[in-house]
Amino acid sequence: MTKPSSAPLHYDVILAGGGIIGLCTALFLREKGLSVAVLDKGRPGYEQSSRNWGWVRTISQAMEELPLAVASRPLWQQWAKEGDFGYTRCGLLSLAQDKEEWNTLEGWLAAARTHGFDARELGQPEIHTLLPQSRGQWAGALYSPGDGRAEPDLAMRFLVRKAEAAGVTILPDTAVKSIDIQGGRACGFETETGRISASAVVVAAGIWSRWLCKTVDIVLPQLKVIASVLRTEPMEGGPDPIIASSRFSVRKRMDGGYTVAQRNSSITYVTPDSFRFMREFMPNFLKQKKLLSVRVGSSFVEELKQERQFGKGRPNPFEQYRACDPTPDRKTLARTMQRLREDMPVFEKTRVAAMWAGVIDVVPDALPILSPVARYPGLFVATGFSAHGFGVGPAAGKLMANLIAGEQDTLGREHFTLERFGCNGEASAGR
Ligand SMILES: Cc1cc2nc3c(=O)[nH]c(=O)nc-3n(C[C@H](O)[C@H](O)[C@H](O)COP(=O)(O)OP(=O)(O)OC[C@H]3O[C@@H](n4cnc5c(N)ncnc54)[C@H](O)[C@@H]3O)c2cc1C
């Protein structure tokens, strides 16, 4: 990686954020022959992109996002030939515990079929054949043989190497403090080591995108959700496909262990933004409230204090929080492991090797924002992946690169505009 002091001070495109979205966008921009730099306040890939479950899936993706999921598959396959980061099309088995869950899965399948997907419904004998380890009773199941898995941490290291080999400048430990606007146009970043200018600037800063946009009064309705994960020690005889259910989710790891989590156990803390964006988030929150636990804690006051620190020329939270590394919810993870052992005795003696957590960036309709910012020509946003950004990252990067270069594609950009939230009109000042 490059030292900030030895890097050029002008590029065609600069990106704030070296997660999967920033790196994939940079790669496709380089393929177009543009000069590109990716700046990260810490180690590229260290936040969500290396902490996730490693699912590369189509099942249960929103219809608007399916083209990204499908277009990402061949890119993952191609890249897996260039480096070993555990990518394999192992299939994904999504299990319904009761009629209500099955109705949701069936509804998704009916809609997805019209797009020509490989997902299909499984009968009880087929569930047993694919998952002989389970003694659970399931109300129904969907299976997608083309869905897959990868090791997030290794995938991110691979992408950093690939981007550098392609000529992308990567600047770690370089916090972007604000966006430089001159003559009504975005023309660079103010960083902790000085100014870097560019013809186009991209905010791909995960959970920090909201704050970075706020430095130039752009309102990006984004909240944070904490999700906990564990990994087991290597073991024999476990399932090969990814298993998704509301009791537990498991994904086989490259080392023979399993990544285990529970999808309906995420936590969101009440912050000042929870009130500011209540109107936008409420409809989806009411639909998904079983998946989320809302808590009140010290984060309200902490975020209120942090907000006052943002601004040009001042030390700010981007420098204070180089790596977002929250404490995992050990109690919930222990319960998840217990359920897994009850349903699949093969896990009875398996030991937990590590636990961790990540903070997910969510937007009101849970679809990404891949968009120019109308108020400032030259400014783009690539964020808001709402827990699906790893699998769709490659095609999302391609879409962004096309958008910035002014080229067309059929990846669904019309669904991913910042304008869809209507947050940047006159009435939004101060949000
Ligand atoms: C526990 C968990 C499980 C998940 N499971 C899955 C899954 O199985 N499949 C899936 O598809 N998705 C999953 N996701 C979601 C997926 O990981 C994210 O959607 C995706 O990684 C988002 O990538 P990103 O590049 O937008 O953000 P991030 O990976 O968070 O990257 C943002 C980067 O921006 C940097 N940054 C922020 N502010 C600044 C600044 N001011 N200056 C410079 N740099 C800055 C940060 O340091 C960080 O490196 C999961 C997420 C979590 C947390």
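1. Ser60 is partly exposed, because its relative accessibility is 40%; the classes used here are buried for under 20% relative accessible area, exposed for over 50%, and partly exposed in between (1.4 Å probe, protein chains only). The model is a predicted one, in which local features need pLDDT of at least 70 and side-chain atom pairs count only at pLDDT 80 or more, while totals for chains, interfaces and linings use all residues. Residues are numbered from 1 along each chain as its sequence is written, and side-chain values use heavy atoms, with hydrogens and water left out.

2. Ser60 sits in the loop between strand 3 (55–56) and helix 3 (66–82). Helices (H or I, at least four residues) and strands (E, at least two) are DSSP runs numbered from the N terminus. Setting aside residues up to four places away in sequence, Ser60 touches Leu105 and Trp108, where contact means heavy atoms within 4.5 Å. Between Ser60 and Leu109 the C-alpha to C-alpha separation is 8.3 Å, although the two are 49 residues apart in sequence.

3. The ligand site deserves attention. Of the 34 residues around the ligand, Asp40, Ser49, Val176, Gly389 and Gly391 come nearest; a residue is near a molecule if one of its heavy atoms lies within 4 Å of it. A nitrogen atom of the ligand lies 3.1 Å from a backbone N or O atom of Trp53, and a nitrogen atom of the ligand is 3.2 Å from a polar backbone atom of Ala387. For Phe390, a polar backbone atom is 3.0 Å from an oxygen atom of the ligand. The ligand has 1000 Å² of accessible area on its own, of which the protein covers 98%; accessible areas come from the Shrake-Rupley method with a 1.4 Å probe, and for residues only the protein chains shown count as cover. Two or more residues of the shell around the ligand come from each of helix 1, helix 2 (48–51), strand 12, strand 18 and helix 13.

4. In the whole structure, 26 salt bridges are found. The criterion is a side-chain nitrogen of Lys or Arg within 4 Å of a carboxyl oxygen of Asp or Glu. One of them joins the side chains of Lys32 and Glu407 at 2.7 Å, N to O. This pair links distant parts of the chain, 375 residues apart: Lys32 is in the loop between helix 1 (20–31) and strand 2 (36–39), and Glu407 is in the segment after helix 13 (389–405). Lys32 is partly exposed at 30% relative accessible area, and Glu407 is partly exposed at 36%.

5. A further salt bridge connects the side chains of Glu151 and Arg251 (2.7 Å, N to O). Glu151 belongs to the loop between strand 7 (148–149) and helix 6 (152–165), and Arg251 to strand 14 (residues 249–252), so the pair links distant parts of the chain, 100 residues apart. Both Glu151 and Arg251 are buried.

6. Lys177 and Glu319 also form a salt bridge, with their closest N and O atoms 3.6 Å apart. Because Lys177 lies in strand 9 (residues 176–182) and Glu319 in helix 11 (residues 317–320), this pair ties together parts that are 142 residues apart in sequence. Lys177 counts as buried, at 12% relative accessibility.

7. Which residues make contact with Ser209, leaving aside neighbours within four places in sequence? They are Val203, Ala204, Leu220, Gln222 and Thr383. The side chains of Ser209 and Thr383 are joined by a polar contact of 2.9 Å, a term for a pair of N or O atoms within 3.5 Å; within protein, one must be able to donate a hydrogen and the other to accept it, and residues adjacent in sequence count only if both atoms are side-chain atoms. Ser209 is located in helix 7 (residues 209–214) and counts as buried, because its relative accessibility is 0%.

8. Most residues other than glycine have a negative phi. Asp217, which is not a glycine, has a positive phi of about 60°; Asp217 is in the loop between helix 7 and strand 12 (223–232) and is exposed at 56% relative accessibility. Ala366 likewise has a positive phi, near 60°. Ala366 is in the loop between strand 18 (352–362) and strand 19 (369–372) and is partly exposed, with a relative accessible area of 23%.
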